[in-house]
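Please keep the sequence and the 3D view open while you read.

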Amino acid sequence: MAFTKKNFSSFGAVNPLRRDFITLDIEGNLNKPFSQYKINSKTKNYIGMGAGQSYGPISISKPNGVTIKMHRSASSKITLDKNKSTVLVDSDVNIRTLNNYLIANGYCLSVMPGSDKATVGGCVAADVHGKNCHINGSFGDYVISIYIFDPTLGKSFLVEKGDNTFYWTIGGFGVTGLILCVRLKIIMLPGNSMVLNEIRCLSPESLIKSLVKESENSDDIGAWFCIDNTKFKSKIYIANWSHKNPKTSLKIPDIFSRFIFTFLGLYLWRRFMIKFLNCYIYLSKESQHPREINSVMFPLSTITGWNKIYGSSFVERQFLVPFNYGTETMKGIINIYRKYKAISLFCSIKIFRGKRIGFMSFANEGICLSIQYESHLKELDNELTIFLLKQGFPEYIAKIQQTSTSFPTGYKRYKTWFNIAKKNKVDSILMSWLKMNAKNR
Ligand SMILES: Cc1cc2nc3c(=O)[nH]c(=O)nc-3n(C[C@H](O)[C@H](O)[C@H](O)COP(=O)(O)OP(=O)(O)OC[C@H]3O[C@@H](n4cnc5c(N)ncnc54)[C@H](O)[C@@H]3O)c2cc1C
């Protein structure tokens with residue numbers, strides 16, 4: 001098969017990497033022999049890629065491997081079964097397209113990640129969560145069956161609940177092969193819009209206390225906070241389903257984004273903009289009246305180009321903290337940021353409850369903290385790693401960057417995971433790097 005060269009960057013690293021690439025454009029019927037799409041497994045490792053929306057290079061192949069995107073030319077890429085409340089969808093369909101289709105038919109997904117550009121394949125492989133992980137679990141909980149294509153054999157097979165491969169595919173980051181098609185459980189649309197409320201919190205204590213309390217009675221909830229050398233600032237966004245029609249769209253005009261992000265090459269302008277946005281977003285008045293918004297919240301997807309705010313690349317880290325360590329952990333992180341004069345814009349915090357079903361899925365209960373910083377801050381990175389490792393908090397692989405020195409704790413089955421990847425000739429930049437770090441632990 002002929003590969004082309006293409007540039008790829010993960011969401012956290014804006015600078016592109018050039019890789020061998022192919023789109024496996026598979027025609028029609030899922031049960032057809034696919035031997036013509038076989039790659040030469042003697043020479044190439046491969047990795048499946050969705051929309052490349054992960055913060056780390058988890059879907060970019062190593063320099064000598066190949067990055068593969070799946071595409072199926074079918075008459076319908078989304079097939080709804082109203083009797084069973086399921087949908088059969090191709091892995092390259094993105095969440096926005098699927099959601100719009102479902103809404104038009106009176107249905108929706110139970111779990112939606114913060115990026116609407118993410119594909120169904122990427123959502124299964126990373127077992128993504130939404131803003132309702134305090135009640136609805138994660139994406140994998142709604143997967144019924146998966147068609148997987150093995151490009152080293154040129155064959156596809158179906159996996160269902162009960163098969164080991166099923167649980168290694170959900171949250172397994174592509175180690176079982178290429179996800180071709182997925183059957184998902186869907187729900188009737190609970191309303192026409194969501195009513196959005198905001199709460200401003202000016203200390204880590206009040207943020208965590210309010211978030212835990214409000215999560216008890218909300219359909220969707222998420223909070224964002226920033227770290228700079230001034231007072232702590234954060235906002236909680238609470239959304240509940242409503243039968244009213246949406247009045248407001250959350251989309252920030254691209255012209256505004258373009259203006260802000262045009263001069264981001266300039267260090268001082270960047271820092272000024274982060275500080276300005278921190279005041280604008282987190283100190284602005286809470287709206288006096290709840291707003292009816294489109295049925296789901298994709299706040300970070302609505303601001304085009306915000307990943308350039310930290311310069312050419314940034315580190316995003318997401319980890320799970322037991323409930324009673326939340327405040328202490330946030331304060332520890334803030335102190336480390338201040339020591340290195342780091343500043344951030346969109347750190348986030350969510351409540352996780354329940355257990356994940358995938359063998360390698362991101363941990364279960366606690367407070368999920370996501371933080372970001374410029375990738376040149378290596379000393380801060382090391383100190384944070386030591387701080388996090390000491391506490392033993394698990395880190396989410398999809399959000400890890402190569403510059404960070406830790407291997408995620410809490411993934412008890414990672415050795416088997418590496419072995420499956422090796423057997424299936426699956427490897428990505430990040431996977432190799434994780435393997436190296438795992439050896440050194
Ligand atoms: C603004 C923003 C907000 C986000 N918010 C959230 C959030 O709220 N919750 C959350 O959980 N995540 C969130 N994420 C992360 C993102 O949703 C996940 O990383 C998701 O997996 C990205 O999907 P993708 O299609 O871009 O997959 P990629 O990033 O391309 O790949 C992700 C993983 O899936 C594998 N993969 C993708 N497609 C296939 C396939 N067809 N077959 C086999 N393997 C495949 C890749 O190998 C890789 O391991 C956010 C990201 C951004 C940029």
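This is a predicted model: local features need pLDDT of at least 70, side-chain atom pairs count only at pLDDT 80 or more; totals for chains, interfaces and linings use all residues.

Residues are numbered from 1 along each chain as its sequence is written. The chain holds ten helices and 18 strands; helices (H or I, at least four residues) and strands (E, at least two) are DSSP runs, numbered from the N terminus.

**The chain as a whole**

- A compact globule of 441 residues would have a radius of gyration near 22 Å, and the 21 Å of this chain agrees with that. The radius is taken over C-alpha atoms, and the globule rule is 2.2 Å times the number of residues to the power 0.38.
- The C-alpha trace spans about 60 × 50 × 40 Å along its principal axes.
- Of the 441 residues, 46% are buried. A residue is buried if 20 or more other C-beta atoms lie within 10 Å of its own, exposed if 12 or fewer, and partly exposed in between, with C-beta atoms placed from the backbone.
- Among contacts between residues at least 6 apart in sequence, 73% join residues at least 24 apart. Two residues are in contact if their C-beta atoms, placed from the backbone, lie within 7 Å.

- The axes of helix H4 (residues 204–215) and helix H7 (residues 326–339) come within 9 Å and cross at roughly 140 degrees, which makes H4 oblique to H7. Axes are lines fitted to C-alpha atoms, for helices over the stretch in contact, and angles run from 0 to 180 degrees between N-to-C directions.
- Angles under 35 degrees count as roughly parallel, over 145 as roughly antiparallel, 65 to 115 as roughly perpendicular and the rest as oblique.
- In this contact, Pro204, Glu205 and Ile208 of H4 meet Gly326, Thr327, Met330 and Lys331 of H7.
- H7 also packs with helix H8 (residues 378–391), at an angle of about 160 degrees and with the axes 10 Å apart, so H7 is roughly antiparallel to H8.
- On the H7 side of this second contact are Thr329, Gly332 and Ile336, and on the H8 side are Leu380, Glu383, Leu384, Phe387 and Gln391.

**The loop between H2 and S8**

- Ala126 sits in the loop between helix H2 (120–125) and strand S8 (143–150), and it is buried because 31 other C-beta atoms lie within 10 Å.
- Leaving aside residues up to four places away in sequence, Ala126 touches Ser54, Gly171, Phe173 and Ala398.
- The C-alpha atoms of Ala126 and Gly174 are 8.4 Å apart, although 48 residues separate the two along the chain.
- Asp127 belongs to the loop between H2 and S8 as well, and its 26 C-beta neighbours inside 10 Å make it buried.

**Positive phi values**

- Most residues other than glycine have a negative phi.
- Asp127 has a positive phi, near 40 degrees.
- Lys341 has a positive phi too, near 55 degrees. Lys341 lies in the loop between H7 and strand S17 (347–352) and counts as exposed, with 11 C-beta neighbours inside 10 Å.

- Tyr267 is part of helix H6 (residues 267–282) and counts as exposed, with 10 C-beta neighbours inside 10 Å.
- Tyr267 and Ile309 are 42 residues apart along the chain, and their C-alpha atoms are separated by 9.7 Å.
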